Amino acid sequence: MSNRRKPQEGVRLKIARLRSWFPDYSRVNLKITDKDGKLIPFILNRMQLVLWAIIIQLIKQGKPIRIYLIKARQLGSTTLFTAILYWLITLNKNKRVIGIAQDDEAAENLNLRWQNFFWNSRKELRPRFRKMNPKMIHFATPLKEMRSGLDIGLDSMMVVKTADSPQLGRSYTYNGAILTEFCIWPQLGI
């Protein structure tokens, strides 16, 4: 009898590893644009690895992950946090995350980052989506196919809003959030 695994068993093991360890997932599935405009695999830099270690430590301690980062520009912290939220949403059912920015343009930019992760990811790791627009991505089986009796799929969402939205945080229970440029919100009257 052979000790070889069936092909689908190997795929399940690989998916389980990608689901459990973000640095592997990002390297294998996510692409970012470097400073020269080239699309490259998202391999965590030194600062991102330090932030990832802090996140893992908080998880092991059973503490909520709340990181307030006074950051230098162009080190990749926003990219890291948007990528982690994308990872969590696209591999888990019934999750909701929100990106909150100082204005419409910045909110749509957050969503564009998520859309770029989606369109540049490996096909086999790309979930089905029902709705994708500048304000949200709903990962679920398309309605046309739902009518023929298919499972709803992930039913997970990524939503973006501006900090001054009157209904901010209502309608859904969010499992994660990224707030950008938080320090300038008071200057904007938020």
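This is a predicted model: local features need pLDDT of at least 70, side-chain atom pairs count only at pLDDT 80 or more; totals for chains, interfaces and linings use all residues.
## Core, contacts and rings

I67 touches L51, I54, I55, L58 and F81, leaving aside residues up to four places away in sequence. Contact here means heavy atoms within 4.5 Å. I67 sits in the loop between α3 and α4. Helices are DSSP runs of H or I with at least four residues, strands are runs of E with at least two, and both are numbered from the N terminus.

Residues are numbered from 1 along each chain as its sequence is written, and side-chain values use heavy atoms, with hydrogens and water left out.

Next, the core. A nonpolar core is a set of buried Ala, Val, Leu, Ile, Met, Phe, Trp, Tyr and Cys residues joined through side-chain atoms within 4.5 Å. The largest one has 35 residues. F22, Y86, W114 and M158 touch the most other members. Elements that each supply at least two residues include α2 (22-29), α5 (104-119) and β6 (156-162). Helix α4 gives the largest share, eight residues. M158 touches, among others, L85, Y86, I89, V97 and W114, not counting residues up to four places away in sequence.

N29 is found in helix α2. A polar atom of its side chain lies 2.8 Å from the backbone nitrogen of R122. N29 is also in contact with N120, S121 and L125, its neighbours within four places in sequence aside.

The table compares burial. Buried means under 20% relative accessible area, exposed over 50%, and partly exposed in between (1.4 Å probe, protein chains only).

| Residue | Relative accessible area | Class |
|---|---|---|
| Y86 | 0% | buried |
| N29 | 1% | buried |
| F118 | 2% | buried |
| F117 | 4% | buried |
| I67 | 27% | partly exposed |
| W119 | 46% | partly exposed |

Now the rings. The structure holds twelve aromatic pairs. Rings of Phe, Tyr and Trp (its six-membered ring) pair if their centres lie within 6.5 Å; planes under 30 degrees apart count as stacked, over 60 as edge-to-face and the rest as tilted. Y86 and F117 form a tilted pair, 5.7 Å centre to centre with 50° between the planes. Y86 lies in helix α4 and F117 in helix α5, so this pair ties together parts 31 residues apart in sequence. Ring pairs link Y86, F117, F118, W119, F129 and F139 into a cluster.

Note on methods. A polar contact is a pair of N or O atoms within 3.5 Å; within protein, one must be able to donate a hydrogen and the other to accept it, and residues adjacent in sequence count only if both atoms are side-chain atoms.
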